[in-house]
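Please consult the sequence and structure shown here.

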Amino acid sequence: MTLASRLAAVALASLLAGGTAFAQTAAPAAKTDTKTDAATADKKAPKERSAESLECSKQADAKGLHGKERKKFRSECIKTAKAGAAAPAADKK
């Protein structure tokens with residue numbers, strides 16, 4: 001065997017052996033973890049706001065409150081609104 005034919009045989013063998021390294025592999029299966037799907041859905045979906053919360057926000061807007069003052073006002077407003085709504089329900093019994 002001549003040197004050229006040996007080089008050709010080695011090149012051919014390396015192409016055949018190395019071809020599998022470049023073969024396309026299957027994509028990994030998609031994960032279907034219901035816990036993470038539910039958690040991301042909760043983060044993306046806006047929460048329903050109660051009537052008390054909406055009314056207190058309107059009052060805070062009318063007063064021009066922002067920042068900590070607004071947060072404090074809304075917190076107290078919602079507490080009193082819920083307490084006031086619970087009192088008539090107790091009288092009905």
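The model is predicted, so local features need pLDDT of at least 70 and side-chain atom pairs pLDDT 80 or more, while totals for chains, interfaces and linings use all residues. Residues are numbered from 1 along each chain as its sequence is written, and side-chain values use heavy atoms, with hydrogens and water left out.

**Helix α3**
- Ser-53, Cys-56, Ser-57 and Ala-60 of α3 are buried (under 20% relative accessible area, 1.4 Å probe, protein chains only).
- These residues lie on the same side of α3, because they cover an arc of only 105 degrees around the axis (taken from the directions from the axis to the C-beta atoms).
- Ala-51, Lys-58 and Ala-62, on the other side of α3, are exposed (over 50%).

**Disulfide**
- Cys-56 and Cys-77 form a disulfide, S to S 2.0 Å (cysteine sulfur atoms within 2.5 Å).
- Cys-56 lies in α3 and Cys-77 in α4, so the pair ties together parts 21 residues apart in sequence.
- The S-S torsion is about -80 degrees, so the disulfide is left-handed.
- Both Cys-56 and Cys-77 are buried.

**Arg-74**
- Arg-74 belongs to helix α4, residues 67-91.
- Beyond neighbours within four places in sequence, Arg-74 is in contact (heavy atoms within 4.5 Å) with Arg-49, Ser-53, Cys-56, Ser-57 and Ala-60.

Definitions and conventions. Helices (H or I, at least four residues) and strands (E, at least two) are DSSP runs, numbered from the N terminus.
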